[in-house]
Amino acid sequence: MQHPSAPDDSSAPESAPVASAPIGSVDASVVPRFAGIATFARLPRIEDVAHADIAVVGVPFDSGVSYRPGARFGPAHVREASRLLRPYNPAQDVFPFGSQQVADAGDIAANPFDITEAVAAVEAGARELRARADRLVTIGGDHTIALPLLRAVHAEHGPVAVLHFDAHLDTWDTYFGAPTTHGTPFRRASEEGLIDMTASMHVGIRGPLYSKGDLEDDARLGFAVVTCEDVEERGLDAAIERIRARIGDAPLYISIDIDVLDPAHAPGTGTPEAGGLTSRELLRMIRALSDRRIVGADVVEVAPAYDHAQLTAVAASHVVYELLSAMAPRGGAR
C-alpha cells in the first residue's frame with residue numbers, strides 16, 4: 001500500500017529517471033493522528049525507504065540510573081506524543097520531513113542486566129544503522145547511552161564538539177565503583193578522546209554538587225558551562241552567543257537530558273532539579289544551531305511513570321522535531 005504522503009510516479013515514462021522525493025509523515029486529514037503505528041511523527045519506518053538522511057532510533061535502556069528508573073519506556077512515550085507534530089516548522093522556515101528523508105529505525109535492544117554488554121550493543125547498533133542513514137537522532141533511555149553513541153560518531157568524525165543540555169554535569173567518576181552510569185558518560189568520553197576539549201559545553205547546569213572539585217574536574221575534562229543562573233542574569237541571547245562562540249565550526253553532537261527543563265515543564269524524569277530552563281528557551285537555543293554542522297543528537301531521561309498529561313513527552317517530541325529541523329538542508333543539501 002502506498003504511504004499516504006508518497007508521490008504518485010505512475011504517470012512517469014518508464015525510460016525517464018524519476019527523482020525520489022522524501023516520504024513524509026502520514027497525512028492527518030486522511031488517517032487520524034490517533035490511528036496507526038506510533039512511529040516518530042508518523043514517519044515511515046526505515047525498512048520502507050531506500051536510505052535515510054536521518055534515522056530516529058530509540059534505546060529503551062535505563063540500567064545506569066542513580067535514582068528514579070523508568071526511562072526505558074521513554075522512546076515509546078515520546079513517539080506517542082509526537083503524533084501531533086506537523087510537516088512545516090514556521091520558526092525555522094523548513095519542512096524537516098520534506099527537504100530530507102527522515103525515518104524511524106525502531107529500537108536498539110540492550111541487555112538490561114549488564115551495562116558493559118548494553119553499551120557495546122548500543123555502539124554496534126548505531127554503527128550498523130549508519131549504513132542505512134547518514135545521521136542519527138536517538139531517543140533514550142538514560143544518559144549512559146551517550147557514551148556508546150559518541151564512540152560511534154567518533155569513528156567517523158574524530159573528536160566532536162559536545163553541546164550537553166542538562167541539569168547535571170555528568171562528568172563524575174564512578175557510582176558505587178561503577179565507571180559507566182548515567183552520571184559518568186562525559187568523563188569517559190573526554191578520557192577516551194571522543195570530544196573536542198576546546199569546543200564542548202554544558203548548558204542548564206544547576207542545583208547542588210558534591211563539592212567545588214566537581215567544577216574543577218569538569219573544566220579539566222574540556223567543558224565550559226552556561227548555568228541556569230547565567231541565563232537568568234545575562235539573558236538568553238548572551239547564552240546563545242556564548243554557545244555559538246564555543247562551538248565554532250567543529251562537528252557538533254548535541255546531547256539533551258530532558259531534566260535541563262524545569263520540572264514544571266518536564267516532571268517525567270529521573271533526577272529533577274528546580275530552577276530549570278523553560279521549553280521555550282530550550283527550543284530557541286536549538287534553533288540557533290541550524291547553521292552548525294550537527295552530526296548527531298540524543299534526547300534522554302524521559303521517564304513516563306512520573307509524567308503528567310504527557311507534559312514531558314510533548315516537550316521531548318518538540319525538542320526532537322527542532323533538532324531534525326536544525327539538521328534540515330537550507331538552500332541545498334548539506
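Buried means under 20% relative accessible area, exposed means over 50%, and partly exposed is what falls in between (1.4 Å probe, protein chains only). Keep that handy for the exercises.

This is a predicted model: local features need pLDDT of at least 70 and side-chain atom pairs count only at pLDDT 80 or more, while totals for chains, interfaces and linings use all residues. Residues are numbered from 1 along each chain as its sequence is written, and side-chain values use heavy atoms, with hydrogens and water left out.

**Exercise 1. Is Thr-269 buried or exposed, and which residues does Thr-269 contact beyond its neighbours within four places in sequence?**

Step 1: find the residue. Thr-269 sits in the loop between strand S7 (252-257) and H8. Helices (H or I, at least four residues) and strands (E, at least two) are DSSP runs, numbered from the N terminus.

Step 2: compare with the cut-off. Thr-269 has 1% relative accessibility, so it counts as buried.

Step 3: list the contacts (heavy atoms within 4.5 Å). With those sequence neighbours set aside, Thr-269 touches Arg-68, Asp-257, Ile-258, Asp-259, Glu-301, Ala-303 and Tyr-306.

Step 4: look along the chain. Thr-269 and Pro-304 are 35 residues apart in sequence, yet their C-alpha atoms are 7.5 Å apart in space.

**Exercise 2. In what order do the eight strands of the open sheet line up, and which are the edge strands?**

Step 1: read off the order. It goes S2-S1-S3-S8-S7-S4-S5-S6, with parallel pairing. Two strands pair if DSSP finds at least two bridges between them.

Step 2: find the edges. Strand S2 (102-107) and strand S6 (223-227) each pair on one side only. On average, neighbouring strands are turned by 15 degrees against each other, direction ignored.

Step 3: zoom in on S3. Seven bridges link S3 in parallel to strand S1 (residues 52-59), and Ile-54 stands opposite Arg-135 there. S3 also pairs in parallel with S8, over three bridges, with Ile-139 partnered by Val-299. Of the eight residues in S3, seven are buried.

Step 4: S4 and strand S5 (residues 200-205) are parallel over three bridges, and Phe-165 has Val-203 as its bridge partner in S5.

**Exercise 3. How do H2 and H3 pack, and how do H8 and H9 cross?**

Step 1: get the geometry of the pair H2 and H3. Helix H2 (residues 115-129) packs on H3 at about 40 degrees, with the axes 8 Å apart. Axes are lines fitted to C-alpha atoms, for helices over the stretch in contact, and angles run from 0 to 180 degrees between N-to-C directions.

Step 2: classify. Under 35 degrees is roughly parallel, over 145 roughly antiparallel, 65 to 115 roughly perpendicular, and the rest oblique. H2 and H3 are therefore oblique to each other.

Step 3: name the contact. Val-119, Val-122, Glu-123, Ala-126 and Arg-127 from H2 meet Pro-148, Leu-149, Arg-151, Ala-152 and Ala-155 from H3.

Step 4: Helix H8 (residues 279-287) and H9 have axes that come within 9 Å and cross at roughly 15 degrees, so they're roughly parallel to each other. Leu-282, Leu-283, Ile-286 and Arg-287 of H8 make the contact with His-318, Val-319, Glu-322, Leu-323 and Ala-326 of H9.
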